[in-house]
Amino acid sequence: WSLDLSKEQVDTTTLPCTVGAGSKYAQFRTQIGGYASGEGSLTVLFTADQTSFANRLMANSMLKNSEARVKLYVSAVSDGAGGVNDASSSFFEGRISLLGFSTSVNPDDAVSAEINFSLADQPETIFGVTL
């Protein structure tokens with residue numbers, strides 16, 4: 001998977017209102033951070049099982065309302081019982097909107113698809129920090 005989180009810039013520049021000679025140099029623009037957004041993609045492998053999670057994700061990416069809740073791990077630490085210890089792991093967690101997929105087939109390689117997504121809401125967790 002890949003994920004790109006970014007913030008837009010809001011212009012806060014104030015034009016000078018002085019009488020007479022001002023500076024001969026252009027004033028620099030001032031900006032602050034604005035709204036954040038995110039987009040990314042998930043790469044999944046095709047299997048012979050038509051009900052697999054990957055096949056359902058690809059099909060659901062074509063629905064009018066195609067949201068999913070995901071937990072994307074950067075590093076998953078075992079809890080010793082076959083599960084994941086989220087307190088020690090690093091991950092992104094939140095709702096995403098599936099935006100379609102692309103695939104190409106090469107008979108020499110495993111067949112995969114790339115599912116595109118954007119954030120559907122404020123993330124719950126970004127790499128161990130709960131928002």
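1. Contact here means heavy atoms within 4.5 Å. By that definition, and leaving aside its neighbours within four places in sequence, L98 is in contact with L57, N60, S61, S66, I115, N116 and F117.

2. Basis of the note. This is a predicted model, in which local features need pLDDT of at least 70, side-chain atom pairs count only at pLDDT 80 or more, and totals for chains, interfaces and linings use all residues. Residues are numbered from 1 along each chain as its sequence is written, and side-chain values use heavy atoms, with hydrogens and water left out.

3. The core. L98 is also one of the residues that touch the most other members of the largest nonpolar core, along with L42, V44, L72, I96, I115 and F117; the core has 14 residues. A nonpolar core is a set of buried Ala, Val, Leu, Ile, Met, Phe, Trp, Tyr and Cys residues joined through side-chain atoms within 4.5 Å. Buried means under 20% relative accessible area, exposed over 50%, and partly exposed in between (1.4 Å probe, protein chains only). At least two residues of this core come from each of β2 (31–45), α1 (53–60), β3, β4 and β5 (112–119). Helices (H or I, at least four residues) and strands (E, at least two) are DSSP runs, numbered from the N terminus.

4. S66. This residue is placed in the loop between α1 and β3. S66 counts as buried because its relative accessibility is 9%. Not counting residues up to four places away in sequence, S66 touches N60, S61, I96, S97 and L98.

5. Strand pairing. Two strands pair if DSSP finds at least two bridges between them. β2 and β5 are antiparallel and pair over seven bridges; S41 has N116 in β5 as its bridge partner. β4 and β5 also run antiparallel, joined by seven bridges, and the partner of S104 in β5 is S112.

6. E39. Strand β2 contains E39. Its contacts, leaving aside neighbours within four places in sequence, are S2, L3, D4, F117 and S118.

7. The aromatic pair. Rings of Phe, Tyr and Trp (its six-membered ring) pair if their centres lie within 6.5 Å; planes under 30 degrees apart count as stacked, over 60 as edge-to-face and the rest as tilted. A search of the whole structure finds one such pair. Y73 and F91 form it, in a tilted arrangement, 5.4 Å centre to centre with 50° between the planes. Y73 lies in β3 and F91 in β4, so the pair ties together parts that are 18 residues apart in sequence. Y73 is partly exposed at 26% relative accessible area, whereas F91 counts as buried at 6%.

8. A charge over F91. The charged end of K71 sits over the ring of F91, 5.1 Å from its centre. The criterion is NZ of Lys or CZ of Arg within 6 Å of the ring centre and within 35 degrees of the ring normal.

9. The loop between β3 and β4. S89 is located in this loop, between β3 (67–75) and β4 (90–104), and counts as buried at 6% relative accessibility. Leaving aside neighbours within four places in sequence, S89 is in contact with Y73, S75, A76, V77 and V84. G83 is found in the loop between β3 and β4 too, but counts as partly exposed at 27%. Beyond neighbours within four places in sequence, G83 is in contact with V77 and S78.
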